[in-house]
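Student: I am new to this structure and would like a close look at a single part. Could you walk me through the strands and how they pair?

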Protein chains: 2
Amino acid sequence: MTLSEENYLKTVYNLQKHYKKGVPTNAIAEEMETKASSVSDMIKRLAEKELLFYKKYQGAKLSETGEKHAVKVVRKHRLWETFLVEKLNFSWDEVHDIAEQLEHIESEKLIKELDKLLGYPKTDPHGDPIPDEDGNVVKVEKRMLAEFKKGEQGVCVGVNDSSSSFLQYLDKHQIALGKVITVKDKEEFDGSMQLEVDHREFNISNLAANNIYLKTVNS
Amino acid sequence: MTLSEENYLKTVYNLQKHYKKGVPTNAIAEEMETKASSVSDMIKRLAEKELLFYKKYQGAKLSETGEKHAVKVVRKHRLWETFLVEKLNFSWDEVHDIAEQLEHIESEKLIKELDKLLGYPKTDPHGDPIPDEDGNVVKVEKRMLAEFKKGEQGVCVGVNDSSSSFLQYLDKHQIALGKVITVKDKEEFDGSMQLEVDHREFNISNLAANNIYLKTVNS
DNA sequence: TTTAATTTTTAGACAAATCTAAAAATTTGT
DNA sequence: ACAAATTTTTAGATTTGTCTAAAAATTAAA
């Protein structure tokens with residue numbers, strides 16, 4: 001398995017929750033910042049290797065083998081991110097690019113020992129679940145902040161966008177995993193919200209609220 | 001800088017202590033388990049990029065830029081090896097191949113923090129010095145065990161061959177960094193030696209003795 | 001439903017890194 | 001010093017992964 005193939009599998013894996021049928025060529029191309037023609041070529045090759053199913057113009061869908069492999073890469077990515085934050089003093093907005101490199105390192109023992117060193121963490125620094133050794137992924141029950149109504153309260157358990165600009169925006173407002181967020185007010189026409197976090201109030205856009213996940217808290 | 005280029009630089013760096021002039025094409029090819037023709041091509045490309053000096057049939061010699069880059073790779077390799085042994089319970093014969101992958105990860109901060117986590121180690125698990133941030137390499141004074149005379153004593157400070165078969169051979173005889181070794185007898189005709197380590201006596205070949213470094217101990 | 005817009009695929013080219021086979025240069029042995 | 005052996009380079013082919021431009025298929029719109 002080449003580095004490039006692994007990246008394609010991971011991308012298809014990440015995108016296929018948003019598509020009932022196959023993941024469109026263009027979606028993959030956009031996500032990977034490459035051209036549709038390159039994707040078309042590669043998808044065809046991966047299909048030959050039976051890592052995914054593919055019919056012309058119908059997009060891509062991971063096979064069982066392909067998914068197994070993709071989950072392994074995701075597990076490694078998230079464990080490395082956790083390592084960087086927990087052991088090497090990185091902040092959550094700095095780890096993605098480095099984990100993108102580290103996720104391709106091959107060694108069963110390495111990843112097993114890393115998991116042990118970190119105390120078998122369940123989620124990464126962005127709240128995403130870390131698949132276990134057998135590839136099982138725990139599904140965390142969570143709702144988008146944007147769906148919360150005025151007066152509701154929740155604990156931040158994850159983000160949808162892990163870009164450093166967004167994560168730094170959250171830092172600025174002291175939003176982090178585990179923080180309690182209260183919706184003080186909600187603007188109907190644009191979906192913007194007035195929030196309270198740590199006794200501090202501020203306003204966020206609907207776009208931002210669409211990238212924050214909360215777990216409802218019984219308060 | 002591609003992964004392949006980096007590997008060539010590192011190999012030339014490692015080999016050039018053994019050659020006064022340029023490192024021969026064949027020596028590089030053998031070390032990298034590739035063909036001389038491939039080496040010839042790549043060397044030419046690296047010379048164009050001014051990472052090394054090269055004249056036809058005269059072998060390769062790193063430029064200052066090339067050496068700077070090579071040392072960085074070596075620093076990363078040795079820090080990662082130390083990490084694997086110190087933090088992830090690897091033994092010294094298991095780390096080479098994984099460090100070979102990890103040495104190409106790009107991130108200044110990562111390597112700085114790794115160094116800190118490990119307590120700024122001076123040598124790797126095989127006794128090789130870890131270059132500092134500025135690329136300075138401490139030269140450890142050491143002699144080959146094969147050069148020791150009957151009755152002499154030393155402390156093991158390094159090995160020349162880091163292959164897992166050799167390292168496992170050393171483990172079997174309880175030879176490790178820091179161990180005191182006494183030459184009880186030396187066979188003139190084949191250079192084999194009778195050693196004492198931990199009050200245990202055994203015999204090793206000249207080939208083995210040529211791959212163990214000791215620091216003379218004033219006893 | 002026929003055209004227009006969009007998406008996807010194909011064809012052909014290219015750069016990186018490698019290989020084999022053969023030619024050229026250098027070194028060694030007598 | 002000359003021939004033989006060895007080392008190194010060149011020439012040409014191959015694989016992987018990418019790209020551009022153009023053709024084909026699908027979807028959307030009038």
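Tutor: Happy to! Two strands pair if DSSP finds at least two bridges between them; strands are DSSP runs of E with at least two residues, helices are runs of H or I with at least four, and both are numbered from the N terminus. This is a predicted model, in which local features need pLDDT of at least 70, side-chain atom pairs count only at pLDDT 80 or more, and totals for chains, interfaces and linings use all residues. Residues are numbered from 1 along each chain as its sequence is written, while chains are lettered from A and ligands numbered from 1 in the order in which they are written.

Let's start with strand β4 of chain A, residues 153-159. Three bridges pair β4(A) in the antiparallel sense with strand β5 of chain A, residues 180-186. Within this pairing, A:Ile181 of β5(A) has A:Gly154 opposite.

Now follow β5(A) onward. β5(A) also runs antiparallel to strand β6 of chain A, residues 193-197, and four bridges join the two.

β5(A) and β6(A) make a hairpin, with six residues lying between them. In the turn sits A:Gly191, with a positive phi of about 70°.

Put together, β5(A) pairs antiparallel with β4(A) and also with β6(A).
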